[in-house]
Amino acid sequence: GVVYFKSNPSKSLLIEINSETDFVARSDDFLSYVNQTCEIIISSPYNSLKMLMDSNDDRVKDDLEGLRKNYVTKLGENIQIRRFHCIDNSENFVTGYTHNNKIGSIVTLTKEDNQLSKDICMQIVASNPLGLDEESLDESLLENEKDVYKAELDKIDKKDDIKRNIMEGKVKKFISDNTLLNQPYIKDSSLSLKKIIKDNKIISYARYQLGEGIEKKQEDFADEVYGQIK
């Protein structure tokens with residue numbers, strides 16, 4: 001399948017659509033289906049697949065299903081919309097980026113800045129942050145990390161205050177490595193994104209990697225993107 005970004009003056013959309021084979025996913029017919037699907041979604045009031053499916057709007061659902069069935073017949077294999085993230089452009093500045101239609105991101109900033117927003121999108125794709133900042137990280141995730149570090153420290157013969165300092169250092173590094181604003185900046189690892197943004201602000205972001213969470217062998221597209229940046 002593909003991860004695809006599409007925008008118009010009013011909305012921006014990041015979507016994942018799955019097929020059964022790469023052969024079909026690379027075909028012009030499949031990409032035509034993806035584009036037509038994006039047009040229907042971006043013209044609707046729904047910002048996620050769940051929001052659409054929970055609605056009573058049979059018109060949009062019927063349009064999407066009719067289009068899907070036509071292309072299933074044409075392409076000879078099953079295709080499905082897996083998820084999408086749609087954002088209104090009217091109040092903020094939205095940018096998206098995809099790499100070879102396999103991995104992509106979308107970011108919303110308070111102020112227009114084409115270069116910064118593109119760099120942030122590439123940072124999200126390459127570094128796969130778990131949250132925007134420390135406050136946005138799942139508390140259970142941090143607790144699990146602390147449990148792992150504690151188990152490691154229990155095996156070494158050090159004083160409690162030294163172990164405590166090591167623990168604090170490990171937690172701090174985990175937060176730095178896994179939060180978007182604190183990660184080393186992809187263009188200059190001596191800086192964090194927080195120092196690059198200055199008077200702008202990230203309102204939201206999303207990252208899709210094709211097939212993540214689906215049981216199959218995954219290529220490491222993030223490493224590929226990171227290698228190109230470096």
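## Loops, sheet and helix packing in a predicted model

Lys 198 is found in the loop between α8 (193-197) and β8 (202-209); helices (H or I, at least four residues) and strands (E, at least two) are DSSP runs, numbered from the N terminus. This is a predicted model, in which local features need pLDDT of at least 70 and side-chain atom pairs count only at pLDDT 80 or more, while totals for chains, interfaces and linings use all residues. Residues are numbered from 1 along each chain as its sequence is written, and side-chain values use heavy atoms, with hydrogens and water left out.

**Confidence.** The protein chain has a mean pLDDT (the predictor's confidence in each residue, from 0 to 100) of 90, and 93% of its residues reach 70 or more. Among its elements, the lowest mean, 61, belongs to helix α9 (residues 221-229), and the highest, 97, to helix α2 (residues 28-42). Where pLDDT is low, the predicted coordinates should not be read in detail.

Accessibility is relative: buried means under 20%, exposed over 50%, and partly exposed in between (1.4 Å probe, protein chains only).

**Strands.** An open sheet of three strands runs in the order β1-β2-β3 with antiparallel pairing; two strands pair if DSSP finds at least two bridges between them. β1 (2-7) and β3 (80-88) are the edge strands, each with a single partner, so one side of each has no neighbour in the sheet. From one strand to the next the twist averages 15°. Eight bridges join strand β2 (residues 11-18) to β3, and Leu 13 has Cys 86 in β3 as its bridge partner.

Elsewhere, strands β6 (residues 184-185) and β7 (residues 188-192) pair in the antiparallel sense over two bridges. They form a hairpin with two residues between them, and Pro 184 is bridged to Ser 192 of β7.

**Helix α2.** α2 lies across β1, β2 and β3, at about 135° to β2. Angles run from 0 to 180 degrees between N-to-C directions, with axes fitted to C-alpha atoms, for helices over the stretch in contact. Buried in α2 are Phe 30, Tyr 33, Val 34, Thr 37, Cys 38, Ile 41 and Ile 42. They cover an arc of only 155° around the axis, which puts them on the same side of α2; the arc is that of the directions from the helix axis to the C-beta atoms. These buried residues pack against β1, β2, α1 (22-25), α4 (58-75) and β3, contact meaning heavy atoms within 4.5 Å.
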